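Colleague: I would like to learn how to read a structure, starting with helices and then moving to strands. Could we go through one together?

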Amino acid sequence: MNVSTLFLITFTCGFLQNVVSNANPLSYEAFFNFGDSISDTGNAASIFLPMPNPIPYGSSYFKHPSGRMSNGRLIIDFIAEAYGLPFLPAYENKSIDQDIKKGVNFAFAGATVLNVEYYVKNGLPLPDTNNSLSIQLGWFKNIKPLLCKSKEDCNIYFKKSLFIVGEIGGNDIMKHMKHKTVIELREIVPFMVEAITNTTNVLIEEGAVELVVPGNFPMGCSAAMFTLVNSNKKEDYDEFGCLIAYNNLIEYFNGQLKNSIETLRQKHPEVKIIYFDYYNDAKRLYQTPQQYGFDKDAIFKACCGGCGSLIATVCSDPSKRINWDGPHFTEAAYKLIAKGLVEGPFSNPSLKSPLFKIA
């Protein structure tokens, strides 16, 4: 092969690759995620002492503990894959060789919406971590100079970035449960919604132009909630077996959050604010489990009993279970929830078109 032929082939391949690349640009070039254990990909694991037996976590996909509170990938992982982005590095566990310009995960297992000062002031048990939503926002501000140098540079960069503010709030509800009735728990909702709204507003001021603010899951269907409430009254449960009062609480919270999002949209018409309907996205799995491949006789049973302890036991097929360890979902459930957000009707308005289908 002569030099001119080799040059022609090299030029043609490079040209075609550039055409394909320009024809299929990434919808988002970076994700920045805030939240709790539902989306923590390693922050808590990098700080807390290792669990006595962490092996069940990550066992289905990663084949080793991955800093995630599940047997595999989380919603944020599936969304990243759908948009052609790598799994987000945890802020507390990022390494020099990781490209943080493609995104960072600030979510921390055990995190609350409300800060520690609120709990101290109200004489409540302290959260499991002080890395609340406001602390995570501070982490973002810390790394912002590493992402972009000038206001113009940041404006260009954040136009192709997606900010995900939650889900968060479940830990706040759990911390109040011993001190308030389910009706009284509604009293803390305005404080929670205000904190989420304020964080979203600050991110907009920092340059974010597309953000996701998720609602919360149907806590009344959670295996962890059944353990805490332990009611033997038939009237406390709906036709699918979920606790009515706690699902009503979450619907109230989600309704207030959506009202606040609408106010933010009117305040910032140039910004796209997306609501993730985690409640209905997840609830459908409990309502028709067999349609999604789950065992109808085990929809409220955790696959991993005593997960993280030396006596942990794992069900034979996690893909047949919705619940992983009590508070968290299995990878199979997370995949379906992510699919409902990226490809289905549970994002309002819709995200940009993904590069790949969630298989």
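**Reading helices, strands and single residues**

Modeller: Helices α5 and α8 (residues 189–205) pack with their axes 10 Å apart, at an angle of about 10°. Keep in mind throughout that this is a predicted model.

Colleague: What does the angle tell me about how α5 and α8 lie to each other?

Modeller: Angles under 35 degrees count as roughly parallel. The angle here is about 10°, and therefore α5 and α8 are roughly parallel to each other.

Colleague: Which residues make the contact?

Modeller: From α5 come L133, L137, F140 and K141. From α8 come A195, I196, T199, V202 and L203. Sorted by class, the contact of α5 with α8 has 7 nonpolar residues, 1 polar and 1 charged.

Colleague: At what angle do the axes of α3 and α12 cross?

Modeller: Helix α3 (residues 75–82) and helix α12 (residues 331–342) cross at roughly 50°, and their axes come within 8 Å. That angle makes α3 oblique to α12. The crossing of α3 past α12 is right-handed.

Colleague: Which residues of α3 and α12 meet there?

Modeller: On the α3 side they are I75, F78, I79 and A82. On the α12 side they are E331, Y334, K335, I337, A338, L341 and V342. By class, this contact of α3 with α12 has 9 nonpolar and 2 charged residues, with no polar ones.

Colleague: Now the strands. How do I read a sheet?

Modeller: Strands of a sheet pair through backbone hydrogen bonds, either parallel or antiparallel. Start with the order of the strands. In this model, 6 strands form an open sheet in the order β2-β1-β3-β4-β5-β8, with mixed pairing.

Colleague: Which strands stand at the edges?

Modeller: They are β2 (103–105) and β8 (347–348). Each has a single partner strand, so one side of each is left without a neighbour in the sheet.

Colleague: How many bridges join β1 to β3?

Modeller: Strand β1 (residues 30–34) is joined to β3 by 5 bridges, and the two run parallel. You can follow the pairing by residue: A30 is opposite S161 in β3, and F34 is opposite V165 in β3.

Colleague: In which sense do β1 and β2 pair?

Modeller: They pair in the parallel sense, over 3 bridges. Within that pairing, N33 stands opposite N105 in β2.

Colleague: What about the strands that pair with β4?

Modeller: Strand β3 (residues 161–165) runs parallel to β4 and is joined to it by 2 bridges. There, F163 has L211 as its bridge partner in β4. Strand β5 (residues 272–276) also pairs with β4 in the parallel sense, over 5 bridges. V212 stands opposite I274 in β5.

Colleague: Which strands does helix α5 lie across?

Modeller: Helix α5 (residues 133–147) lies across β1, β2 and β3.

Colleague: How do I judge whether a strand is enclosed?

Modeller: Check each residue for burial, where buried means under 20% relative accessible area. For β4 (residues 210–214), 5 of the 5 residues are buried, so the strand is largely enclosed by the rest of the structure. Then check its two faces. E210, V212 and P214 on one side are buried, as are L211 and V213 on the other.

Colleague: How many residues of β1 are buried?

Modeller: In β1, 5 of its 5 residues are buried, and the strand is mostly covered. A30, F32 and F34 lie on one side, F31 and N33 on the other, and both faces are covered.

Colleague: Can we take single residues as well? Is V165 buried or exposed?

Modeller: V165, in strand β3, has a relative accessible area of 1% and is therefore buried. Next, list its contacts, leaving aside neighbours within four places in sequence. Among them are F34, L133, I196, T199 and L211. T199 shows how residues apart along the chain can meet: it is 34 residues from V165, and their C-alpha atoms are separated by 7.9 Å.

Colleague: Where does S222 lie?

Modeller: S222 lies in the loop between β4 and α9 (223–229). Its relative accessible area is 12%, so S222 is buried. Not counting residues up to four places away in sequence, S222 touches G326 and P327.

Methods
Residues are numbered from 1 along each chain as its sequence is written. This is a predicted model: local features need pLDDT of at least 70, side-chain atom pairs count only at pLDDT 80 or more; totals for chains, interfaces and linings use all residues. Side-chain values use heavy atoms; hydrogens and water are left out. Buried means under 20% relative accessible area, exposed over 50%, partly exposed in between (1.4 Å probe, protein chains only). Helices (H or I, at least four residues) and strands (E, at least two) are DSSP runs, numbered from the N terminus. Two strands pair if DSSP finds at least two bridges between them. Contact means heavy atoms within 4.5 Å. Axes are lines fitted to C-alpha atoms, for helices over the stretch in contact, and angles run from 0 to 180 degrees between N-to-C directions. Angles under 35 degrees count as roughly parallel, over 145 as roughly antiparallel, 65 to 115 as roughly perpendicular and the rest as oblique. A crossing is left-handed if the near helix is turned anticlockwise from the far one by less than a right angle, and right-handed if clockwise. Ala, Val, Leu, Ile, Met, Phe, Trp, Tyr, Cys and Pro count as nonpolar, Asp, Glu, Lys and Arg as charged, and the others, Gly among them, as polar.
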